[in-house]
Amino acid sequence: MRVDLPTFRAHTRAALADQLLQQSIENASGNFSDGREKALGDLPDSEALRDQLKLIRAATLANLTEHLEEFERNATAAGVVVHWAQDASEACEIVIALAKERGISQVVKTKSMVSEEIQLNSALEGAGIRPVETDLGEWIVQLAAEPPSHIIAPAVHKTKEQVADLFSDELGRSVEADIAALTAAARDALRGDFLSAQMGITGGNILVAESGTLVLVTNEGNGRMVTSLPPVHVAVVGIEKVVPSWEQAEVWLSLLSRSATGQPLSIYTNLITGPARPGELDGPQEVHLVLLDNQRSSYLGTQFEEMFGCIRCGACLNVCPVYTKVGGHAYRSPYSGPMGAVLTPLLFGKGQFSALPQASTLCGACLDVCPVRIDLPRMLLQLREEQVEAGRLPWLGVWVERAAAWVMTKPKLYRMLSLLARKFGGTRLAKLFIPFPIPEISQQTFHQLWKSRELEE
Amino acid sequence: MAKTKVYLFTTCMVDQVYPQVGVAVVRLLRKVGAEVIYPADQVCCGQPFFNSGFTKEAKNLAEQNIDLLQDADAVVIPSGSCTAMIRVEYPKLFAQQPALLEKAKQLAAKTYELTEFLNNFLEILPLSEPNSRGAVTYHDSCHMCRHLKLRDEPRTLLQSSGFSIQEMEQSDRCCGFGGVFFTRMPELSHAMAQQKLNRATESGAEVVVTADPGCLMRMQLDSDGKQTIKHIAELLDEALRCE
């Protein structure tokens, strides 16, 4: 996968031409943003809470190993089997081995961006195991054989009519393009999978070190079924999701859903501390937790450490003037929008995803809404600087910018060129060569006006 | 009492494309009693290069400007974006060079965006009857409202000059300019400008006004002359001349 400037521009053109997509993103992002604003407004001091969460995340990342080890100790004591995966393929291998050892051929899943990151579904399918997505949005994109386009609303790019067509094909009967009817159809279709699957796979929103608890936030109740009906529950979670204490997890939770969907809390907040206890009727017999590194630890102590404070709420996507025009698919990564423009090159290759740090006007709207106040514009700039240093940009553009910058350091030369440009027809000539609209230059520069008599007092 | 020596940093875009904005700024500054000094060797604040990753080049320009502007009592710039570059980014650029950092901080402390500076002289500036002029809608430029936190200043001046403000939806949504962004992602830049202009039109105001030459350019490129889009200095100057 390569997403360089020409590729991203092609994705942009396709997205801009898709009226349905434009409408879907505009509606959803507007609703999410309005909801966020209202929900944060209901708190006595959301600004102070954001400051607090930023501090919590930074302090945790500064001592990540220690907190992960504490988590591992306490989770193990609660009966969880903790696995460590260095990269995507190792994580997939662990999950596949767990399934194979138990003769499992079908798994149910909740929405998990980490599972998208490691492409778990295709790895499972390759090993002959059928994954069934049970989050409504994820099920929709799974049926459409598409990746999710928003980190919290995977099918945000689809209209209900498109969903009705997908469901009708899948179920072999006509399903009405009505939200209630669609939800009922999905519930009906997925029930059998919940009951028959031998393994449930989830991500995880927070890992609480002091008790070894996995916090899983969902809105549809599917998370509760995935983690309690099948006898085996496997969670794959990025190592950055740990928090030392419950007191701190509370700050995190009070901002997560408010920032994401505008809810004070999501409908279901599952706190999972180990498998079912002896004598308990519900819950899995085994809980496995795969802690995924996949490049994360290599950025600790660097200027990109801050990125790993991200709690994946998606607020930055909803306010981004670029994301809301191009949609998630243009980024060709599970992580899109401003957070994705930084995280994707870090995780999947700065060379492969060279367009993403350029896909921003550095307007700063993302920083305005980030519950962790992650300075995404600063890191986008940092990535751009590295691109210049590493020679990853088209040479012509680099040469033009270097030349322009050099001229700017020579005021007399700059003024001479200004006069020459005006002598030779202004921008008319330049317009023949420049592949984007540029303005007409004025007949006289301000410098000339100042020197003429016009501005004498 | 000696007049305040205000160094005018016009910005390269005003120099090349909007010299009339510079002229309006000079008149406004003189109206509030400043001695306007135009350092002739000024070129660019360095932001386009800084924002596209050419940090070394941006530092060269920053150093040049720090020298050029050091004797000013105040530096006034008709651009929120260029002001933010000098005030917010210059000190960061020289964080590791104590001598230059000190100078950068001194410059940052006396550098003002135009409307911010003019807000100190509301008693002198044209105070037309409220709503005696047309209705305008104000576009907040990203760096001006987010880096400099200037949202009320331009609006206060417009109102004291008799304009009424009809706010557009999301006045602080980016217009799509983004410096070099508009050359690298032209389709996207265009689409963002279209959305901005549609919202400006929906506000019902006759004139779209902004305090940043970059936004002015982006919006004018897309308006095909159908909408009147002006720099705030031009509007204030109009009011001044009708006094």
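Predicted model: local features only at pLDDT ≥ 70, side-chain atom pairs only at ≥ 80, totals over all residues.
Residues are numbered from 1 along each chain as its sequence is written, while chains are lettered from A and ligands numbered from 1 in the order in which they are written. Helices (H or I, at least four residues) and strands (E, at least two) are DSSP runs numbered from the N terminus.

**Where the chains meet**

- Chain B puts 46 residues into the contact and chain A puts in 42 residues; two residues are in contact if their C-beta atoms, placed from the backbone, lie within 7 Å.
- On the side of chain B that touches chain A, the elements giving two or more residues include helix 1 (12-16), helix 2 (19-31), helix 4 (55-69) and helix 11 (186-202) of chain B.
- Sorted by class, that side of chain B has 25 nonpolar, 13 polar and 8 charged residues. Here Ala, Val, Leu, Ile, Met, Phe, Trp, Tyr, Cys and Pro count as nonpolar, Asp, Glu, Lys and Arg as charged, and the others, Gly among them, as polar.

**Helix 4 of chain A**

- The expected span is 1.5 Å times one less than the number of residues.
- A:His67, A:Leu68, A:Phe71 and A:Ala75 are buried in this helix. Buried means that 20 or more other C-beta atoms lie within 10 Å of a residue's own, exposed means 12 or fewer, and partly exposed is in between, with C-beta atoms placed from the backbone.
- Looking down the axis of helix 4 of chain A, the buried residues fall within an arc of 100°, so they line one face of the helix. The arc is that of the directions from the helix axis to the C-beta atoms.
- A:Thr65, A:Glu69 and A:Ala77 are exposed on the other side of helix 4 of chain A.
- Among the elements covering the buried residues of helix 4 of chain A are helix 3 (46-62) and strand 1 (80-85) of chain A.
- Just past the end of helix 4 of chain A, A:Gly79 takes a positive phi of about 100°.

**Helix 4 of chain B**

- Helix 4 of chain B has 15 residues and reaches 21 Å from first C-alpha to last, close to the 21 Å expected at 1.5 Å a residue.
- Its buried residues include B:Glu57, B:Leu61, B:Asn65 and B:Leu69.

**Strands in chain A**

- All 6 of the 6 residues of strand 6 (residues 213-218) of chain A are buried.
- A:Thr213, A:Val215 and A:Val217 point one way from that strand, and A:Leu214, A:Leu216 and A:Thr218 the other way.
- Strand 5 and strand 6 of chain A pair in the antiparallel sense over 3 bridges; strands pair if DSSP finds at least two bridges between them.
- These two strands form a hairpin with 4 residues between them, and A:Gly212 in the turn has a positive phi of about 70°.
- Strand 6 of chain A also pairs with strand 9 (residues 268-272) of chain A, antiparallel over 5 bridges, and A:Val215 stands opposite A:Leu271 there.

**The sheet in chain B**

- An open sheet of 4 strands in chain B has the order 6-5-7-8, with parallel pairing.
- Its edge strands are strand 6 and strand 8 (228-231) of chain B, each pairing on one side only.
- 4 of the 5 residues of strand 5 (residues 135-139) of chain B are buried, so this strand is largely enclosed by the rest of the structure.

- Most residues other than glycine have a negative phi.
- A:Leu362 has a positive phi near 60° and is buried, with 26 other C-beta atoms within 10 Å.
- B:Lys149 also has a positive phi near 60°, but is exposed, with 10 other C-beta atoms within 10 Å.
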